[in-house]
Amino acid sequence: MYPAAVMGSHPGAFTELRERLAEISDLAVVSELLGWDQQTMMPPRGSEVRAEQLATLGKILHEKSIDDGLGRLYEQLRPYEESLEPDSFEASLIRVGRRDWEKARRVPSELEEELARTCSISEHAWVDARARSDFYSFLPHLEKVVELKRRYVECFPDVEEPYDALLDDFEPGMKTAEARAALEELKRGIVPIVAGVADSPASDYRERFPGDYPLASQHELVAEMLTPLGYDPEAWRIDETAHPFASRGGTQDIRLTTRYHHENLSSIFSSLHECGHGMYEHGVDPALERTPLGGGVSMSLHESQSRMIENVVGRSLPFWTHWFGRTKELFPEPLAGVELDYFYRAINEVRPSLIRIDADEVTYNLHIILRFELEQDILERRVELRDLPEIWNERMRSYLGIEVPDDARGVLQDVHWSGGLFGYFPTYALGNLVAAQLWEKLESDIPDVDDQIASAEFRQLTDWLRQHVWKHGRKFTPVETIERAVGGSLDAKPYLRYLEAKIAALSAA
């Protein structure tokens, strides 16, 4: 039911706006699902045609998103927007839709089309280059992507820093200076934590339980773990890919991906991570479907959910109190003689590692800070792209004290740059901060949450997250969403307290 002021003074105006935005939303979802198919199901030789399909769809989507008719509707409805409750569906739809329209109009459709085409081809080239550990075969594609992203930034000449335009795509309203300050505070807090940890073990948990982990049993265990978190085969699916990610076709169409290895159980944590993303999208109010409001509000909020489920829940002692016995049943040989306490300590040890997605909770943030700083250097031409492997290896040595043996485990390990996702990386670390803030509040509201996790009971936890985060979609800004959930702004201190308490408990055990 729409407000009488809107419908009475402008019959059909809001209805027309909603219908136009529904078309745009549908096209965006179709584009996302074509991208999902490209990375999971599509035969490799389909990449060239898929690139053209995505380019065509991207152009149509952008042209509809910047149509003058939308602007006229926003102007027509502007006087009445002020009379609406700010939290209402109608006011939120007008406000968020207008912001999207104003931003999209600054980018030419031809540029959006070329970005979609180039990134589709580049992602396919990255898969091949990574498999062969050959950065220089990927370099021409990266050069095209970066040049197009620089042209994209030029569409926003009023930003304080060039990187602002890219960060805003993933964290609306945040400035590079704000992200830099938050990550600097995080870095200052992490350094003494790392310094205070005993010498790292010679090998991490993936190497300390050697043996064969049959993929069929991994599939079974992952499905069992995700089910009490909300995984439903009638509305979800999980597939394999080179670099795990999550996509959505709607609140009842959640697509997760993961990566399985015969030699270890890292698939558990990548699957839990992507499940967190899926839980967020599945928990958005269905009334927001097919509107600009029908998805996660920002990537830091999204990553707060995935990092929370992966680490705060998935690496906790209560979680493994429930699941360790079942894990040993499925993998009796490699885990023979391994006790729960030893396994729990192993999966939480602080140890510098090559691969970001496999990093421990503390050093993970250094992986992100490295990428955040390097992206700014790339954008502002302070480094040459052809020198990236050498620069990457040097910074890994400086930040984490480890040597990079090859490009596949170095500069080629992440898919993001091939897909043009510059500006995404800092949201992972920001998501860690938000996750800890949410968890402190959640623990206060649900004091026995650990006991519930130990019983694989997640209903109160998911209900709390749905009520405070998920259901709102994009109705509020990221800042407003955090403030509504925890009563304050972005803050690194809860995350540092969480890390310090966890390491202290591990050390005392």
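1. The model is predicted: local features need pLDDT of at least 70, side-chain atom pairs count only at pLDDT 80 or more, and totals for chains, interfaces and linings use all residues. Residues are numbered from 1 along each chain as its sequence is written, and side-chain values use heavy atoms, with hydrogens and water left out.

2. Helix H8 spans residues 162-170. Helices here are DSSP runs (H or I, at least four residues), numbered from the N terminus. Seven of the nine residues in H8 are buried. Buried means under 20% relative accessible area, exposed over 50%, partly exposed in between (1.4 Å probe, protein chains only). Among the buried residues are Tyr 163, Asp 164 and Phe 170. Their cover includes helix H9 (176-195) and helix H18 (426-445).

3. H9 and H18 also meet each other: Ala 179, Ala 182, Leu 183 and Leu 186 in H9 touch Pro 426, Ala 429, Leu 430 and Leu 433 in H18. Contact means heavy atoms within 4.5 Å.

4. The structure holds 45 salt bridges. Each is a side-chain nitrogen of Lys or Arg within 4 Å of a carboxyl oxygen of Asp or Glu. One joins Arg 307 and Glu 310 (3.2 Å, N to O). Both Arg 307 and Glu 310 are buried. They sit three residues apart in helix H13, so about one helical turn separates them.

5. Asp 463 and Arg 466 form another salt bridge (3.0 Å, N to O). Asp 463 is partly exposed at 37% relative accessibility. Arg 466 is partly exposed at 33%.

6. Glu 52, Glu 113, Glu 114 and Arg 117 are linked in a salt-bridge network.

Key: Helix = DSSP H or I, 4+ residues; strand = E, 2+ residues; numbered from the N terminus.
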